[in-house]
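Me: I'm new to this one and would like to know where the labels come from. Could you walk me through them?

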Amino acid sequence: MTTSPDPIDALREQFQSEDGFLAELRCFARWNKPAFARLVGAMQCYLESADHGERLERWIAEGFWLHDNMVRELSSSPAFRNELGQDYLDAAYQRLSELAYWFFIGESICQDDSGLGYIPTE
């Protein structure tokens with residue numbers, strides 16, 4: 001899947017794709033590291049792109065909330081810990097939480113947004 005250069009289109013692709021990260025995790029119990037990297041990259045790019053005002057668009061809010069909550073729930077089995085390692089999963093969960101916080105509160109937890117958790121793709 002390619003990601004659009006426009007931040008809102010890229011976010012829409014990641015949140016609403018039938019073959020996106022969350023769909024693959026939910027339907028096939030498979031954690032796709034490159035898809036996860038594209039997802040969090042699109043989320044961060046959207047957050048960095050502009051002031052999003054006081055009003056939150058429902059589909060965007062749902063996407064940030066669902067990914068922050070569902071990913072942890074869907075990947076809580078020992079099989080994921082064995083395959084990916086607990087450190088990787090903890091960093092992934094933290095990254096999603098930081099991005100959701102940034103979206104809903106309007107500011108990043110980190111002084112420098114590059115300080116958001118690094119998630120390796122390999």
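Me: Why is E24 called buried?
Reply: Buried means under 20% relative accessible area, exposed over 50%, and partly exposed in between (1.4 Å probe, protein chains only). E24 has 13%, so it counts as buried. Keep in mind that this is a predicted model, where local features need pLDDT of at least 70, side-chain atom pairs count only at pLDDT 80 or more, and totals for chains, interfaces and linings use all residues. Residues are numbered from 1 along each chain as its sequence is written, and side-chain values use heavy atoms, leaving out hydrogens and water.

Me: And what makes R30 and E24 a salt bridge?
Reply: The term asks for a side-chain nitrogen of Lys or Arg within 4 Å of a carboxyl oxygen of Asp or Glu. For R30 and E24 the N to O distance is 2.7 Å, so the pair qualifies. R30 itself is partly exposed, at 43%.

Me: How many salt bridges does the structure hold?
Reply: There are 2. D9 pairs with R12, with the closest N and O atoms 3.4 Å apart. Both sit in helix α1 (residues 7-16), 3 residues apart, about one turn of the helix.

Me: Why are D9 and R12 called partly exposed?
Reply: D9 has a relative accessible area of 33%, and R12 is at 33% too. That value falls between the 20% and 50% cut-offs, so partly exposed is the label.

Technical notes: Helix = DSSP H or I, 4+ residues; strand = E, 2+ residues; numbered from the N terminus.
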